[in-house]
Amino acid sequence: VLVPVRRASDVANHMVDFALRLAGKSGQVAVGTCIGDRDDRRRAEEMLASLVDPFEGDVETRVSRSDITDFLAATGAQYDLVVIGASQDRSAASRFISPPTFERLEAVETDVAIVDSD
């Protein structure tokens, strides 16, 4: 199961927990984040390590410099499921300029689950 996250948050914790329960003892979970060309890879790696540290199970972390939709299109087929968080905290203007990730996933060749913590 692949769990892409923007930042550590309650929603991210719920997604990792859900993915681990789905994967069970024999499955694997990858938690990843996408950073821009100028973003700090070390900070992203530390955020992911802190996010997955409380969980038991086979969890890997991934940091990509590509856009989230490009990353998911390139790697989604390697997983049985991609778990996406719901964007509840964005303004209408923000959604107009950049639609939520789940609305831009036409090229992902796997199943997608959308997790909302509410």
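**Close-up views of the second largest pocket and its strands**

**View 1. Strands at the second largest pocket.** Strand E2 (29–34) and strand E3 (59–64) each supply at least two residues of its lining. The model is predicted: local features need pLDDT of at least 70, side-chain atom pairs count only at pLDDT 80 or more, and totals for chains, interfaces and linings use all residues. Residues are numbered from 1 along each chain as its sequence is written, and side-chain values use heavy atoms, without hydrogens and water. Strands (E, at least two residues) and helices (H or I, at least four) are DSSP runs, numbered from the N terminus.

**View 2. Lining of the second largest pocket.** The pocket holds about 160 Å³ of space. A pocket is an open set of points on a 1 Å grid over the protein atoms alone where a 1.4 Å probe fits, with protein on both sides within 12 Å along at least five of seven lines; lining residues have an atom within 4 Å of a point. Among them are Val-1, Gln-28, Asp-58 and Tyr-79.

**View 3. Strand E2 and its neighbour E1.** E1 (residues 2–4) pairs with E2 in the parallel sense over 3 bridges; pairing needs at least two DSSP bridges. Leu-2 has Ala-30 of E2 as its bridge partner. Helix H1 (residues 10–23) carries the chain from E1 to E2 in a right-handed β-α-β crossover (clockwise from first strand over helix to second, with the strands pointing away from the viewer).

**View 4. Strands E2 and E3.** These pair in the parallel sense over 6 bridges. Val-59 in E3 is the bridge partner of Val-29. The crossover from E2 through helix H2 (residues 41–52) to E3 is right-handed.

How values were computed:
Points joined across faces, edges and corners; volume = space filled by probe spheres on them.
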